[in-house]
Amino acid sequence: MYAPNFAAPQSIDDAVRMLGADGAKPLSGGTDLIVQMRSGRNRPDHIVDLKKVPGLIGIKAEGAGFRVGAATSGAQLGEDKALVAAYPGIVEGAELIGSTQVQGRASLAGNLCNASPAADSVPAMAACGVKAVVVGPNGEREVAVQDIPVSPGKTSLTKGEFVKEFVLPALPANSGDAYLRFIPRTEMDIAVVGAGVQIQLAGDGTIAKASVWLGAVAPTIVEVDASCLIGTKLDDAAMAKLDAAAQAVCNPIDDKRGTIEYRTKVAGVMARRTAEIAFKRAGAR
Amino acid sequence: MAKIHVTTKINGEDAEFLCEPQQTMLDVLRDELSLTGSKEGCGSGDCGACSIIVDGRLVCSCLMFGAEASGTEITTIEGIANGDTLHPLQQKFLEHAALQCGFCTPGVLVASKALLDANPSPTEEQARYWLAGNLCRCTGYDKIIEAVMDAAAEMRGE
């Protein structure tokens, strides 16, 4: 009979040591891992619950940015007023993961390291320049979130490594972020397309910097060339170029949620709509 | 691996149990503690029939290992009523006929209690979104929402 080990280490060092064992898997909220274990897709020999490690749960303001513990639940993110005010797009992405019940457990690190291309929290984190702090047998390193998933279900983490926390950089002046996803229902579904955007305005109200990332349209999240937005106020011509640029980076699959053609077209629409929200938020700051 | 010894608090009382590492909290409640009010609908966190409250958070007990209960405080459907007195939500579910087969009802009640604990005055829209993770295949949801809104009003003293 299948009978894994279970351990809940209370220090980073113990967690690293335990995760160095063959067949070890980190557990944060478990909303993906437990489902995969039940279906037989994932059968770890050692389950290492990271939630007792100091710092793995919680949100700390740091300068004008934040450090967010890897296993912090979506519900906690949504209750942190300062975080919601600074990074509404990242929080709205995280809060779209599953039901209220799933929100009570699901975490940013789990969403990232499950490495689904449709992970709702990842495009906005990438657009905002969020870094994952990875710890392992060789110490600590900071990795851009978009460099963690390498293909569906696979990450760039090596044996014994796990994400400890996320660094949300100091909020740029006059900037705003947003995340939108398209699903066929109103709740509780997997993205057909997700779009995360951060926009920074110059003093004259035109766009000085823009970062646009799409989820669910390629094996990993992909960046859209948003240079067409620079110097504009999102006029129709800039929007049309953004739409085309978004469609150009799509390399989606056909599945029950959408055909390749449909996902590609919707990607353009979602990029535009999300950019519009981020632009408004930037202007309101 | 040897069974894991877990001490926790369930419905206000100290509890302890032995569990296998891969046993979910739902398995523990039903099979080890004979608390069979929490139901397994899907076993994958989609239906909400196994909803419980852990340290003030609504979760699916099928998406949590029993071993994770160590040191937590848990509320299950068995802890909702006050002795023989039904919780206002339970009473309103009866009055509004907000259940038919009843399989989803424990989960809906626990989820609704968590909603009213967090927000005593939800709008109908907030209640519907909060309960989106609780599937009911009988009622069409309207009666459930009516019962929750009515219970909320009563608990506010209106």
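A nonpolar core is taken here as a set of buried Ala, Val, Leu, Ile, Met, Phe, Trp, Tyr and Cys residues joined through C-beta atoms within 7 Å, a residue being buried if 20 or more other C-beta atoms, placed from the backbone, lie within 10 Å of its own. The structure is a predicted model, in which local features need pLDDT of at least 70 and side-chain atom pairs count only at pLDDT 80 or more, while totals for chains, interfaces and linings use all residues. Residues are numbered from 1 along each chain as its sequence is written, and chains are lettered from A in the order in which they are written.

The largest nonpolar core holds 141 residues, and A:L112, A:V193, A:V212, A:L214 and A:A271 have the most contacts inside it. Helix α10 of chain A (residues 260-284) supplies the largest share of this core, nine residues; helices are DSSP runs of H or I with at least four residues, and strands are runs of E with at least two.

What, then, packs against α10(A)? Helix α9 of chain A (residues 236-248) does, at an angle of about 135° with the axes 8 Å apart.

Turning to the two chains, their contact takes 25 residues from chain B and 23 from chain A. On the chain B side, β4(B) gives the largest share, four residues.

Methods. A residue is buried if 20 or more other C-beta atoms lie within 10 Å of its own, exposed if 12 or fewer, and partly exposed in between; C-beta atoms are placed from the backbone. Axes are lines fitted to C-alpha atoms, for helices over the stretch in contact, and angles run from 0 to 180 degrees between N-to-C directions. Two residues are in contact if their C-beta atoms, placed from the backbone, lie within 7 Å.
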